[in-house]
Amino acid sequence: MNSDGLKLNLDDDVKKIFFETFPLLTESDFDWEKTQNNYEDWDSFAQLNLITLTEAKFEINFSDDEITSINSAKSLLEITKSKL
Amino acid sequence: MNTIDRFLTDSSKANPEKIALIDDDSKFTFSELEEKVIKFSSFLNQFEEKSVISLLFENTSEFVISYLGIINSGCVAHLIPTGISQSNLQHQISSAQPKLVLSSESYFYRIKDIELKNSEKLKFSDVKELSSKYKTPLPTDYAYLIYTSGTTSTPKGVPITHSSCDFSTKNITKTLHYSENDIDLLPLQMSHSFGLGCLHTSLYVGSTLVLQKNPKPMDILESIKKHNVTTLAAIPSTLSNIVSNYYDDSLNSLSNLRLIITNSTFFPSETIRKLRGMLKTGIVATYYGLTEASRSTFMIFNDDNKIESVGKPSDGIEIKIDTKIKNDHIGEIWIRGPNVLDNYWKKEYSENKSNDWLKTGDIGKFDDDGFLYILGRVDDLINISGEKVYPQEIERIVKVLSGIDEVVAVPMKHKSFGEVVKLFVKKSVDSEINASDILSYCIKNLERFKVPAKIEFVEDFPRTDYGKIKRFMLKE
């Protein structure tokens, strides 16, 4: 698989994590740039679920600073990408 | 109030030639059993009344004779499970301070090297008849001593009086309708409260007790047919194994039983349904009890809506919920009654009581019809930002997933929430389930704060000598 293929898979996987963590999220509502403040149900426990699920799926660990900086699908994707 | 020795003597008087005990190919009538017990106790009468005699035996007639011999001699029987670890064995012996440690031939190697002060070690076959003075225990005397399993802490010695045992035995008999017409199969260790209670009940009503050393499903099913058994007492995992893996054989063997009794507060509902489906007219039952408060409730599964309940309080026993720990009618279960222990052995630990109420450490609730439900342990509660979560709620959800054998949820420290959930998972053989599969399922089926923040796969769990998981060892 080429790097574009890998990128596409990673994008899909991270997006899937978002849809699993926020079950009320619809395809039309999803936006990579949309931040935590614009999600009604992105509270501190949702943040914990998001981080735990991403760590488990990719077998990686986030630092406290990284966890704090994750506030959108895009930031989660970028930080995850940097660890793979 | 009776003393335990009366159970045998009364049944022997009523039906001397009836078979009391079957142990493999050996059969003992009540009068033969009584004679053997009297001979055995003649040896033990050399010890002062209230002396402790420790027993380490398999599930055999030798155990029954030794145990009743000790009771007859006015001594206290300290019952040791055969699966005990060497360190726990030494701990129990040091605490119980027996005058004699008795074992079967095959378990003598376990006691040979333990340190004993002012006492001896003997095999069953070393015990000879002596001429000695007959002794009579009093109802208020201790009859036996059992140590707690150590699921939550160090094993504690629980001495049980004759009167307390008499009370529980009569409650079992009345609630489950045991009678002299029964033939009771016992694939359980009698060194445990469940198995010992079954022995007492058989002796009390004068039924026939069939001992089964090996709790293998096919052996159990064959014994049921061979001896025309009417009641079966077994732990939930044995029953689940039987109905899951030996369904056709079970249909054939179990259908005529009048009673299947188990001892779990977490009896899989699928197993209950299958067993109920197999029995023609018989009943499936369980009870809730602690070593410190035997048979506090009984549950006869008549109603699918109550399948997760442990039933209603036994006659003469009061149970209440102390809601200080949780709320909404959920809280710690307190028990008061003649079945509750007075003190731990030699008061080595303070009994957790308030005005005769035993604080069990179990979390539970009553429904509107007065049925009790056990939800977990106080010690096991996970405090997530002030929300008290009992781990069994999470474990029940995760256990539904295929590919998982056992799962334990424990608290894990967290800088923002105080505690979060950590999950230990033992996978089934060849299972390919992974942490993200489990988390995805939890996110769908649990409130957010209950979703595990960490999942760790383990080969097995630390366990007590009774096979129970030591949760406290999994906590940070």
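Domain bounds here come from an automatic or database domain assignment. This is a predicted model, where local features need pLDDT of at least 70, side-chain atom pairs count only at pLDDT 80 or more, and totals for chains, interfaces and linings use all residues. Residues are numbered from 1 along each chain as its sequence is written, while chains are lettered from A and ligands numbered from 1 in the order in which they are written.

**View 1. Chain B comes as domain 1 (4–375) and domain 2 (381–474).** Taken over C-alpha atoms, the centres of these two domains of chain B sit 31 Å apart.

**View 2. Helix H8 of chain B spans residues 217–226.** Helices (H or I, at least four residues) and strands (E, at least two) are DSSP runs, numbered from the N terminus. Pro217(B), Ile220(B), Ser223(B) and Ile224(B) are the buried ones (20 or more other C-beta atoms within 10 Å of the residue's own, with C-beta atoms placed from the backbone; exposed is 12 or fewer, partly exposed in between). Looking down the axis of H8(B), these buried residues fall within an arc of 130° (from directions, helix axis to C-beta atoms), so they line one face of the helix. Turned away from that side are the exposed Lys225(B) and Lys226(B). After H8(B) comes Asn228(B), with a positive phi near 50°.

**View 3. Ile53(B) and its contacts (C-beta atoms, placed from the backbone, within 7 Å).** Leaving out residues up to four places away in sequence, Ile53(B) touches residues including Leu44(B), Ile70(B), Cys75(B) and Pro98(B).

Technical notes. Contact = placed C-beta atoms within 7 Å.
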